[in-house]
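Trainee: I am new to this structure. Please take one part and walk me through it closely.

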Amino acid sequence: MNDLVRVSGLRVVARNESGADHVIVKDVSFSIPQGEVLALIGESGSGKTTIALALMGYARGGCSIASGSVDVGATAVTSLRGQQLCELRGRQVAYIAQSAAAAFNPARSIMDQVIEGARIHRILTRAAAEAKAIELFRALALPAPESIGRRYPHEVSGGQLQRLMAAMALITDPELVILDEPTTALDVTTQIEVLRAFKKVVRERRTTAVYVSHDLAVVAQIADRIAVLKNGEICECGPAEQILDAPRDPYTQTLMAAANPVVRLARESASRDQKATGPLLTIDGLTAGYGRRENQGRPENVVLEDVSLTLQRGAVLGVIGESGSGKSTLARVIAGLIAPARGTIQFNGAPLAPQLAHRTREQLRRIQIVFQNADTALNPAHSVARILGRPLSLYHGLSGPARNKRIAELLDRVRLPATIMGRSCADLSGGQKQRVNLARALAAEPDLILCDEVTSALDTVVAAAILDLMAELRRELNVSYVFISHDIKTVRSLCDEVLVLYAGCKVESSSRETLSVGSSHPYTDLLVASVPELRKGWLEQVDIPEAQSLVGTHFAGTPRLCSFLRRCPLRIDGVCDVEPPPHVVTQNGKQILCHQDLK
Amino acid sequence: MTTPVASPSADRAPAQEGIAHRAGFWRRWPRRLSLSGLVGVVLVAFWLLVAFVGPLFAPHGVGAIVADDSFAPMSGQFPLGSDYLGRDVLSRILYGARYTIGLALAAALLASTAGTALGLFATVSGRWIDESLSRLLDAVTCIPSKVFALVMVAGFGSSVPLLIFTAALSYLPGAYRIARSLAVNLNVMEYVEVARARGEGRVYIACYELLPNMIHPMLADFGLRFVFVVLLLSGLSFLGLGVQPPAADLGSLVRENISGLPDGSPAVMMPALAIATLTIGVNLVIDSLPGRARRLTRGALR
């Protein structure tokens with residue numbers, strides 16, 4: 001057999017404070033033939049990163065490799081010590097971490113860091129290493145390969161940095177490359193570029209690789225074999241096609257089901273009573289940002305520019321966009337945490353004061369906000385009962401047994417047992433915390449819940465359960481959501497209306513059904529096309545038009561030009577870089593901010 | 001409607017890790033105590049006991065001249081020898097510890113409470129109050145505590161309330177700095193934003209959202225302040241500006257018997273040893289605190 005990597009009976013244990021062992025990885029065995037890519041997939045805590053690190057003979061603090069053997073080529077990794085391990089790492093086995101931003105030293109130039117591995121292991125002279133790095137930059141489709149090495153990490157984008165880290169790993173021609181969630185932190189439109197670059201390099205160099213991810217659709221693009229992990233054990237391991245098309249293990253089937261979200265139906269009676277009472281929330285010409293106010297009250301850093309939207313009672317509005325597009329700022333402005341610079345907000349037919357202090361308690365009660373990360377959104381010093389009890393006594397004046405009864409009801413609503421009432425939220429799992437987080441918003445009995453990336457930090461299966469719960473709450477309580485996400489799949493599965501933000505501008509608003517039908521804003525097209533599909537070969541087939549690079553920046557000072565100009569593949573020179581784009585209503589009722597229809 | 005309900009196993013699996021993480025620092029602490037931590041606890045407990053009930057066990061009165069010669073060595077009659085006037089050193093230490101520990105406790109408590117309160121106030125009060133308060137207290141920081149204490153004693157004369165006030169004022173800015181830096185970090189947490197969006201007032205946010213999460217590091221900081229105050233007061237007493245005779249704290253015991261030093265008299269060694277064991281004990285306790293609290297405090301002090 002020409003297996004490059006052979007792992008048998010690997011056990012990794014963690015020792016806790018009282019000295020008891022906790023097994024993280026239980027008797028895992030697998031092998032990877034030369035030139036193949038094995039994907040390790042599983043939810044957080046399944047041991048996938050621990051296994052990947054064990055391939056380098058490394059165990060994180062407090063953990064140790066208890067038994068089993070790891071062989072890479074002719075090297076028995078588990079028997080190496082000290083200096084021998086140093087010679088293995090970065091030379092035979094290289095590692096690409098999730099966050100490139102954290103893995104690069106901001107004080108040194110990129111080239112210095114990329115060739116560091118080759119220099120440490122003394123396999124190339126500096127000049128040869130730099131030449132090789134430039135060759136790798138080119139292979140990874142990085143812009144300006146000759147000069148990018150002279151820049152510093154903060155001078156390139158996140159996606160570029162991730163590819164630079166791949167160059168760093170590949171400079172020594174390692175036998176095995178470990179990629180640990182390398183695209184998880186990236187926007188979908190960037191992810192696809194990075195994935196393509198990785199795949200190309202891996203194929204061309206016939207590198208053997210381990211790809212760690214929680215995202216089946218991403219894995220489907222790059223892996224030859226997939227190992228599905230749960231609680232430190234391999235549930236199923238086989239060729240990618242077999243796992244994707246005919247999963248045998250029930251857990252794999254659950255994962256597959258969660259990756260293909262069902263549409264959580266809106267209430268059939270959605271439009272029954274809302275027309276009479278008017279919209280719940282109307283925002284008109286909203287501009288907001290941070291920093292000092294310049295003339296006419298414009299903030300120094302404008303985050304949201306002229307955003308308008310309408311939300312009907314009981315409806316769900318999805319807000320989608322990449323990081324930095326102003327999604328979270330929108331939620332904070334509606335909640336009153338940031339005062340807008342311009343524009344009006346109408347809620348329940350009455351104007352909503354920009355500042356929190358000028359809003360009535362009743363208005364505050366009717367709008368609740370739920371944040372992404374339940375770890376930071378729930379006070380670790382408070383018990384569950386306290387967290388849920390506070391809005392009850394503040395808004396509804398409940399106390400004593402009446403309050404406890406209501407807390408139990410709320411816990412029941414979010415499908416948590418009433419017994420967790422006295423527990424600190426630090427003792428709860430991620431999914432449970434997010435349920436408590438939702439329950440706190442429900443305690444106020446709001447009309448509108450602002451959900452800021454509520455499922456983004458959760459594993460697929462848990463996230464699906466939270467989405468189901470939200471859909472159910474909406475049916476039963478007639479509450480509206482503004483659902484903010486970077487994930488178009490979740491937005492599609494829950495929302496009636498979708499609003500696409502790009503660089504603070506609303507570039508499109510449409511209903512769920514029409515989102516990918518008919519003509520759309522070019523950015524929406526890009527966004528929709530970039531979401532990986534759960535089948536092999538998608539990456540090769542998908543056609544993402546590339547924008548021609550823009551010559552000159554003479555228009556930079558012209559106000560309010562299309563924000564997507566530089567990346568737009570459909571740009572009309574002489575129009576788009578001269579005039580601000582108009583709001584256009586298409587045949588199927590979409591509103592888009594684009595010049596397209598002028599043709 | 002076939003809405004799939006959360007699979008309980010998937011939802012609960014990672015919960016276990018969290019339990020050990022924070023589940024009550026007091027419950028977990030003694031079990032994890034290292035040898036040095038244990039030594040610290042024993043020393044601190046001993047000195048606290050001495051401060052409270054020590055004088056009950058004193059064989060002689062605090063000012064009574066009982067020995068025939070000064071600087072007598074240790075003997076059955078005078079376990080720690082006699083001092084320069086022929087008084088019993090053991091009795092003097094048992095009485096003196098009460099001053100040192102009592103004063104230092106009061107001053108450190110005052111400095112830490114006021115510092116925490118001001119730090120919280122500055123954090124929730126917006127930029128202008130925060131800036132002016134911080135700059136004002138920065139100005140206080142740059143006055144050396146010994147010199148400040150000398151000026152205060154020179155100006156108002158030495159008295160117990162003045163000593164407490166002076167020591168508290170010297171160490172307040174440090175406590176404020178740490179409290180404010182902790183509170184500012186907590187203030188941007190999302191649960192504070194949620195509380196603000198809920199319409200909570202500043203007092204609620206300061207007392208219920210911020211304070212509980214900074215109490216442990218502030219306790220560790222309190223321990224350090226206590227040590228500093230002990231050393232400041234002992235130093236002052238050594239200069240003759242602290243607690244005035246016939247009462248004496250540990251520092252003044254060292255000073256009044258300094259002439260016994262060439263002979264290695266226990267009258268000067270023992271009070272010095274008392275100060276050393278007390279401060280080392282508190283330091284050992286602080287070092288045995290769970291990592292986070294200690295790091296925050298130690299880091300911020302430097």
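**A loop residue, and beyond**

Mentor: Start with A:Asp173. It counts as partly exposed, because it has 14 C-beta neighbours inside 10 Å. A:Asp173 sits in the loop between α7 (158-170) and β7 (176-180) of chain A. Its phi is near 50°, a positive value in a residue other than glycine. Most residues other than glycine have a negative phi. Keep in mind that this is a predicted model.

Now go to A:Asp306. This residue also is not a glycine, and its phi is positive, about 50°. The setting is a strand: A:Asp306 lies in β12 (residues 299-311) of chain A. A:Asp306 is partly exposed, because 17 other C-beta atoms lie within 10 Å.

How far does confidence reach in chain B? The average pLDDT is 79, and 85% of the residues score at least 70. Over residues 1-29 of chain B, pLDDT stays under 50. Residues 292-302 of chain B are also below 50. Where pLDDT is low, the predicted coordinates should not be read in detail. For the model, ipTM is 0.78 and pTM is 0.78.

Conventions. Residues are numbered from 1 along each chain as its sequence is written. Chains are lettered from A and ligands numbered from 1 in the order in which they are written. This is a predicted model: local features need pLDDT of at least 70, side-chain atom pairs count only at pLDDT 80 or more; totals for chains, interfaces and linings use all residues. pLDDT is the predictor's confidence in each residue, from 0 to 100. Two residues are in contact if their C-beta atoms, placed from the backbone, lie within 7 Å. Helices (H or I, at least four residues) and strands (E, at least two) are DSSP runs, numbered from the N terminus. A residue is buried if 20 or more other C-beta atoms lie within 10 Å of its own, exposed if 12 or fewer, and partly exposed in between; C-beta atoms are placed from the backbone.
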